Amino acid sequence: MSGAEKIAVRVTEVTPLNELVTRFRFEPVAGGLLPTFSGGAHTVVEMADGDITRLNPYSLMSDPFDQSAYTISVRRDDAGRGGSLFMHEKVKVGDEMVISNPVNLFSLDLRAKKHLMIAGGIGITPFLAQIKQLDRAHGNWELHYSCRSEALGSYVDYLTSTHPNDVNVYYDDQDQAIDLETLLDGQPLGTHIYVCGPKGMINWVRGKAEALGWPREAVHYEEFLAPQPGKPFEVKLAVSNKVVQVGEHESLLEAIERAGVDAPYLCRGGACGMCETRVIDYAGNFIHRDHWLEDDEHASGEKIMPCVSRFEGKTLVLDR
Amino acid sequence: MTIQFNDETFREDYSFRNSQRAIDRFPFPFDKDSYMYAVNMEQHRGGPADSVYEKRFDVDEHYVSEMRDRAMVLADDPLRCQSLPHMTLAGWDLLELIMVSKSEDYPDLFELHRDGDEWHWVNKPMGIDDTFTFMDETTLPYGPMEYITRQTQGDFCVLDQRDDNLWMDAGMVTTQADWSLDFDIGMNFFEWHAPVPLAHEKGIFVRALKFLLNIQQGAPARRLNWTMTVNPLLDTSPENYHKWGIQKTTLTPENIGAKQHLRVELQTFFRLPRSNALVFPIRCYLIAFQDIVSVPKWGRRLHRVIRDLPEELATYKGFIDNRPMMLDFLSAYDDGLPTSNGVWPEKDSEPPLKT
Amino acid sequence: MSKFEFPPSIKSRPVYGTLEARPGKAHLMIADAAGAEAILDIATPELMARSHIIYIPRGATHGEALRGLTPAQYYEGPSYAASVTRIQRVLQDAHMGLQVYLTGTEGLMGQAQNEAMQAGIPHTAIQTEHRGSVARRMQCVHCKGITEDVETDPFVCSHCGLNLFVRDHYSRRLAAYQGVCIDAEDPGNVPQAKGIYE
């Protein structure tokens, strides 16, 4: 139900970049070639962490045309549910892992006359693949990359040495900031903006672009929501007739899967809409965290995206 | 398995025929005795041996003649194949998908040898042996989409995915059920389906779009659609409707069994990797009424479906005027016995026609 | 002047709105005939100071009123065909954030919208308001010729002479509705032409 076949890969390099970010290289266990992909795509990495299987999406940052290996970069999140900690602490060279086929929810608009990329922190990773794709097609692009400090500026050296005229880097600790208003003013018709970074940055860029009269379709953004921990709760699955406890560090989707119920998913980050599930009955409050449902749908109590959203209350019955 | 390719025409003398093998494997579209729109998607990952679902791109006895017909259509009207400028990458994706699939699925007919970006393609049925550089348009006689779809049965719509919609931004369309690529190119999913009656109100297109947007690499899907065509005419285009429309009036009770064809589209959907576009091949299979009714279950069922079809659909599919004559013909093959579920002919278990 | 209410139709048929002044540093307004009235309705000195108006009167007498708004730039063209290279030139130099306003006949709005789209503005970001004639710009699906200002259904293709019926299926790329042969299955049997919305 969850779609394409998975890909068995071996970890062939683990490369710490700085105190927060580590890069992983995956090659197919079976030999042969990995599928090509489009810049901006992600893969869902399965992590067998004791009793729990976590599935976290990570942007593919390698050359989309390089079929020998995929690379991802993982930022350690000490407050998260443990997926990134697992990658940092448990995954070693030689380990076998399972990843999904590439899925792209942040693709380039290939009609664009110019691609204006705005990255914050680890949000740089999808752009690394997009830049490789655009370079091959002689595309017109420009990157504005904001990092906390030089020490935490992942891939800054690589980007500025390979593309000195197209890459602009801003360090927070040196009080450098993107002058967004000036940047957006004067861009030629047909320019598309792509922004990937923290929620605040995405909202800032979207808001400014809207205020300056940019069309909605010309502003693209990707924010992966990692499922957040929360209070445990109980869910009843009506179709499969099961009652499941959702743990503190487990998403609703993961709990449904743990119970052996096959539920559809794609991005596991609240963006794609694939896992949308009908609520049959509830008494309590939803904690909706997805980008998929509209506000009125969130308020309706009829739908939930179990990949990132939670529930607090007495009863929750799902059509699953 | 070797395929004996027919030498036949889809115009003028209409020498197109289905062999017994082609009849047996015909993708009959009705799984029960009535029809209404449904999203009816399933995975496209193989099917029963020798069925049209078995391979990613089915090659059958009509291959060589269909490609000859396509070349004639394109010579008359090059606008049947168009690709907006941003779709060239998707064209290369499609070329790769088809070459890899056909060379793996039909190694006796097609060969692909790759040395980095230097590719060598052999199409034995069509006598083509070309070398070219992948991603270099100057090394092919046509753009990549046109090059490969001149060698692949069925129409091809290449859909760009953006703004939570699909956009018909490229295509090769010469065997269509009365719609114009030249007119529809650039439209989104709802717009190019706009003329279809009833389905919008039923929410069919909203659900179908949601499904299609989420089709993943390595997980293609398929569905069937159908209409009716008088004479085995592949190119039922609006462009030429003023020429072929008159043929609809040539049916008689004597010739309807041979002239009236059920036209079935095997629609498949593949995510294209480099472009993130979606390719939507629409493969057309034709079968004469007299061949359908040679399968008792299909004869019974087709009569019931056509009889009970809502008037809007019979009008949209263009056979409302001929429906009474069709029913006169088909009713002779419906003895009222029940039919088994599913599309398969079940020749061994289904009772012969009661006379 | 009261506006024509187009009957509900299929999803490819354009739906026109009512112009409203939007924020932005630059505004391009293109109108023909009675479309001038829609611009007059939203004009303010602040908006006009940043507006470029391109107007094709087609016999209407609103030119003086528009000129009197003292927009930043004003141009009056004798026909759309005569004005299109100017429109392309303006779009070539324009920047993201440009607001485009189209008003008047469907043919004018459709063709100007196509230019703006090709320049890189999504069609949903372009404002339109229908005013004046309800005649349609029609493409003959058979010969591909465009017949302008079609008021009746059926009509005769001005290029190939076929009798065509008027569909609501619309192509933004062609800025035209589709005309299809009406007597293909019964040659010579052409119904009496009547107004498209009669």
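Modeller: Two strands pair if DSSP finds at least two bridges between them. Strands (E, at least two residues) and helices (H or I, at least four) are DSSP runs, numbered from the N terminus. This is a predicted model: local features need pLDDT of at least 70, side-chain atom pairs count only at pLDDT 80 or more, and totals for chains, interfaces and linings use all residues. Residues are numbered from 1 along each chain as its sequence is written, with chains lettered from A and ligands numbered from 1 in the order in which they are written.

Biologist: OK, strands then. How many bridges join E15(A) to E17 of chain A?

Modeller: Eight, and the two strands run antiparallel. E17 of chain A covers residues 310–318. One bridge pairs A:Phe286 with A:Phe311 in E17(A).

Biologist: And in what sense do E15 and E16 of chain A pair?

Modeller: Antiparallel, over two bridges. E15 spans residues 277–287 and E16 residues 303–304. A:Thr277 stands opposite A:Ile304 in E16(A).

Biologist: Switching to chain C. Which domains is it divided into?

Modeller: Domain 1 is 27–130 and domain 2 is 136–195. Those bounds come from an automatic or database domain assignment. The C-alpha centres of the two domains of chain C lie 28 Å apart. Seven residues from domain 1 and eight from domain 2 make the contact. Contact here puts two C-beta atoms, placed from the backbone, within 7 Å.

Biologist: Which classes are on the domain 1 side?

Modeller: Six polar, one charged and no nonpolar residues. Ala, Val, Leu, Ile, Met, Phe, Trp, Tyr, Cys and Pro count as nonpolar, Asp, Glu, Lys and Arg as charged, and the others, Gly among them, as polar.

Biologist: How many residues of chain C are in contact with chain B?

Modeller: 17 of chain C, against 18 of chain B. On the chain C side, E10 (163–171) and E11 (176–181) each supply at least two residues. E11(C) has the largest share, with three. By class, that side has seven nonpolar, six polar and four charged residues.

Biologist: Last topic. Which residues have the most contacts inside the largest nonpolar core?

Modeller: A:Ile193, A:Val235 and C:Ile39, in a core of 115 residues. A nonpolar core is a set of buried Ala, Val, Leu, Ile, Met, Phe, Trp, Tyr and Cys residues joined through C-beta atoms within 7 Å. Buried means 20 or more other C-beta atoms within 10 Å of a residue's own.

Biologist: Which helix gives the most to this core?

Modeller: H5 of chain C (residues 106–119), with six residues.

Terms used. Buried ≥ 20, exposed ≤ 12 C-beta atoms within 10 Å, placed from the backbone.
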